[in-house]
Amino acid sequence: MMVLILTNLFPTKDNPNSGIFITKRLKEHEKLGVDFTAVSLAFRDKGRLLSLLRSLLRKPSEVPLKELEGVSFNPVFVERGLFDVVIQKFWTMKKALENFTDRFAEQIFQKFPKHNIIHAHGMYLPAPAGVVARKVSEIWNVPYVVTLHGSDVNLNMARRDVRDIYLETLENAARCIFVSRALLEKAKSFGYSGQNATVIPNGYDPDVFKPMDKNTVIKELGIYKEDTQYVGFVGNLIPIKRADKLPEIFRKIAKELPNTRFLIVGNGVLRDKILKEMEGLDVIFAGRVPQVEVAKYMNAMNVMVLPSRNEGWPCVVLEAQACGTCVVGSSNGGIPEAIGFDEYVVEEGENFEERFARKVVDVLKSGYDRNRLIERAKGFTWEEIVKREIKIYDQVG
């Protein structure tokens, strides 16, 4: 059985960790003997004006990598000029979506032999991989599967101008995989029937994320401070992660527990604003680091925070739990499902930041059972997750 993997989420030159849960998944596919071809759906700037505009807006071009961690990716490019961007932004997204997905589908048909199954990861605008999969499946007359990861439903499917295309694509898929029950329910709220749906979350790499000696790791990272507890955040510094509220949350924690050092692992558009608002706090900003370093920072933390305004399935939760670190998160999206313990979930609502900080302080004071977290995480290794996906292939192929 040959599986064509189409993805909007792939490693890039500027950010190899982009779509890391696709790379890790495909490594496990190889171990389990799945014959697949991975295709990155990428755009290439056409014309100097668009390149100049990207430069002025400080938006890096997403140059896809052809290989990462032994996994081969086959980039397929569609050229996008300034006129295409204008159509997308100011005319109609639906027209841009149809145009781009037609062009991707045609290239895939020309460049690759017929596969038995198509598995698309992501329904992200302006060229949802699932829509490309549907169009290629019509040419090849083979089934397609779509996995939806989060903002492709929460943000993109929420758009009325393209919703009919999303519904057509999901309803005609052999199977739709959602990374959390919350994400499935969100899609159903937009009119999706759910008749061909299943829930399979993303996983974690147990060879990377595992318990380490806390004192040793803290010293290796050069962040050791006597009689100190460590509270951290791992993720993109963007509004959907509620990163804009980290300074407020951290200050409230520091007021109760002055001997707290805060760790921020990640980067994003809010970086400078956040750092400025955290002046006076004991903060270590690690930036974007490889996963092996992320695992060390997670082991260094006494508590990791995830106050996101929405999430499909936050992989960082299981990664942290596999390290034996407690995660306190919001009640939004798939976060409660990922955390698995009600006592570490803070309900959205009035005075959220105050209540969130209080919960972190309470956990730091009372402690928690690390082994309970580690044992729970074992059910979410990439091996376990990919075996469930292979069952889907066997059922629909």
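**View 1. Strands S7 and S8, side by side.** Strand S7 (residues 144–148) and strand S8 (residues 175–178) run parallel and are joined by four bridges. Two strands count as paired if DSSP finds at least two bridges between them. Strands are DSSP runs of E with at least two residues, helices are runs of H or I with at least four, and both are numbered from the N terminus. Opposite Phe178 in S8 stands Leu148. Helix H7 (residues 163–172) lies across S7 and S8, at about 120° to S7. Such angles run from 0 to 180 degrees between N-to-C directions, with axes fitted to C-alpha atoms, for helices over the stretch in contact. The model is predicted: local features need pLDDT of at least 70, side-chain atom pairs count only at pLDDT 80 or more, and totals for chains, interfaces and linings use all residues. Residues are numbered from 1 along each chain as its sequence is written, and side-chain values use heavy atoms, leaving out hydrogens and water.

**View 2. The open sheet.** Seven strands line up in the order S5-S2-S1-S6-S7-S8-S9, with parallel pairing. Strand S5 (74–81) and strand S9 (197–199) are the edges, each pairing on one side only. On average, neighbouring strands of this sheet are turned by 25° against each other, direction ignored. Helix H4 (residues 93–111) lies across strand S1 (2–7), strand S2 (35–46) and S5, and runs at about 145° to S5. Strands of a sheet pair through backbone hydrogen bonds.

**View 3. Strand S10 and its partner.** Five of the six residues of S10 are buried, so the strand is largely enclosed by the rest of the structure. Buried means under 20% relative accessible area, exposed means over 50%, and partly exposed lies in between (1.4 Å probe, protein chains only). Six bridges connect S10 to strand S11 (residues 260–265), and the two run parallel. Tyr230 has Arg261 in S11 as its bridge partner.

**View 4. Arg242 in its loop.** Arg242 sits in the loop between strand S10 (229–234) and helix H10 (246–256). Arg242 is buried, at 4% relative accessible area. Its phi is near 60°, a positive value in a residue other than glycine. A polar atom of the Arg242 side chain lies 2.6 Å from the backbone oxygen of Pro307. Leaving aside residues up to four places away in sequence, Arg242 touches several residues, including Ser308, Asn332, Glu348 and Phe352. Contact here means heavy atoms within 4.5 Å.

**View 5. Helix H16 and its cover.** Leu373, Ile374, Arg376 and Ala377 are the buried residues of helix H16 (residues 370–377). They cover an arc of only 165° around the axis, which puts them on the same side of H16. The arc is taken from the directions from the helix axis to the C-beta atoms. Among the elements covering these residues are helix H13 (315–322), strand S14 (326–330) and helix H14 (335–339).

**View 6. Cysteines without disulfides.** The count of disulfides is zero, taking a disulfide as two cysteine sulfur atoms within 2.5 Å. For Cys176, the nearest cysteine sulfur is that of Cys315, 19 Å away. Cys176 is buried, at 0% relative accessibility. For Cys323, the nearest is the sulfur of Cys326, 13 Å away.

View 7. The peptide bond from Leu125 to Pro126 is cis, with omega near 10°. Pro126 lies in the loop between strand S6 (117–121) and helix H5 (129–140).

Definitions and conventions
Polar contact = N/O pair within 3.5 Å; in protein donor to acceptor, adjacent residues only side chain to side chain.
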